[in-house]
Structure formats: structure tokens, C-alpha cells
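Hi,

Here is the structure I promised to pass on.

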Amino acid sequence: GMVENLKSSLWQERVEAMSQIAERAGELFHGSHEREDVKRLLLALAHLPGWTDRNFQVVNKLFEMGTKAAELSPGGDFGPTHASCIVQGAVEKIHELKHREQASTALTAACQRVGPKYVVS
């Protein structure tokens, strides 16, 4: 399943799992009845596969999920905890050219959602 693929030592399987999750997440972010899942998804993905994954495609998919969560989560479903998750990843990866665009986009989306004052502090 997807969880096993996220744990896989083969980067292709991790990328495929992240792509599948991204597709299904679109439904959640567009006002699905499973609002709690929106809150949990980003936090779970930050741990598995996590920001320390060695494959840049996996990490960039994670940034894309963070951007979607910030931009599309309804109402109060995206808050400081989720923004912190994105900030953590961005701080670790934004200096790398292969992550800069995705990390910056996710960070901007988080700032717009919870306010730059929170993110900077």
C-alpha cells in the first residue's frame, strides 16, 4: 500500500506514493466531509516520508502538499501547527536550489494563511 511505499528504500516507490496521495488530497482540500483528515495529512507526511528524505522529488511533492493545504483547506482547517510544519521543512531545504521554488511557494502560502508575523516569530 501507500504507507509501505512511503517507507520504501526505492525512491521511485516513494515518489509514486506521494503522487497518489497528492491526487487523493485534492478531494480533501476541496471541502470534503473528512475535514480532520486535512489537518492530519500534512503533519503525517512531514514525518513519513519526512523533510529529510534523500530524494528531491519526494521532498518537493511534500512542499506541494503543504502549499495545497495552505491554499485550499477550508476555514480554520489550516493553522499555526500546519504553518510550523511547512516552516520546518523550508528552513531545512530552502537553501538548496532544487527545493527553493517549492519551499518558497509553500512558505508564502503558509504566511498568507496564518500571517507573516506568526511565521517569522
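Of the chain's 121 residues, 45% count as buried (buried is under 20% relative accessible area, exposed over 50% and partly exposed in between, with a 1.4 Å probe and protein chains only). Before you go further: this is a predicted model, where local features need pLDDT of at least 70 and side-chain atom pairs count only at pLDDT 80 or more, while totals for chains, interfaces and linings use all residues. Numbering starts from 1 along each chain as its sequence is written, and side-chain values use heavy atoms, with hydrogens and water left out.

On to the layout. The chain has 7 helices and 0 strands (DSSP runs numbered from the N terminus: H or I of at least four residues for helices, E of at least two for strands). Along the sequence that reads α-α-α-α-α-α-α. Among contacts with a separation of 6 or more, 66% are between residues 24 or more positions apart (a contact means heavy atoms within 4.5 Å).

Next, the inside. The largest nonpolar core has 28 residues, and those touching the most other members are Met 18, Leu 42, Leu 45, Trp 51, Phe 63, Met 65 and Phe 78 (such a core is a set of buried Ala, Val, Leu, Ile, Met, Phe, Trp, Tyr and Cys residues joined through side-chain atoms within 4.5 Å). At least two residues of this core come from each of α2 (11-29), α3 (35-50), α4 (56-72), α5 (80-93) and α6 (97-114). The most come from α4, which gives 7.

Leaving aside residues up to four places away in sequence, Phe 63 touches Trp 51, Ile 86, Gly 89, Ala 90, Lys 93, His 99, Gln 102, Ala 103 and Ala 106. A search of the whole structure turns up 1 aromatic pair (ring centres within 6.5 Å, using the six-membered ring of Trp; planes under 30 degrees apart are stacked, over 60 edge-to-face, the rest tilted). The rings of Trp 51 and Phe 63 have centres 4.6 Å apart and planes at 35°, so this pair is tilted. Trp 51 sits in the loop between α3 and α4, and Phe 63 in helix α4, 12 residues apart. Both Trp 51 and Phe 63 are buried.

Last, a helix pair. The axes of α4 and α5 come within 11 Å and cross at roughly 145° (axes are lines fitted to C-alpha atoms over the stretch in contact, with angles from 0 to 180 degrees between N-to-C directions). Val 59, Phe 63 and Gly 66 of α4 meet Ile 86, Gly 89, Ala 90 and Lys 93 of α5.

Cheers
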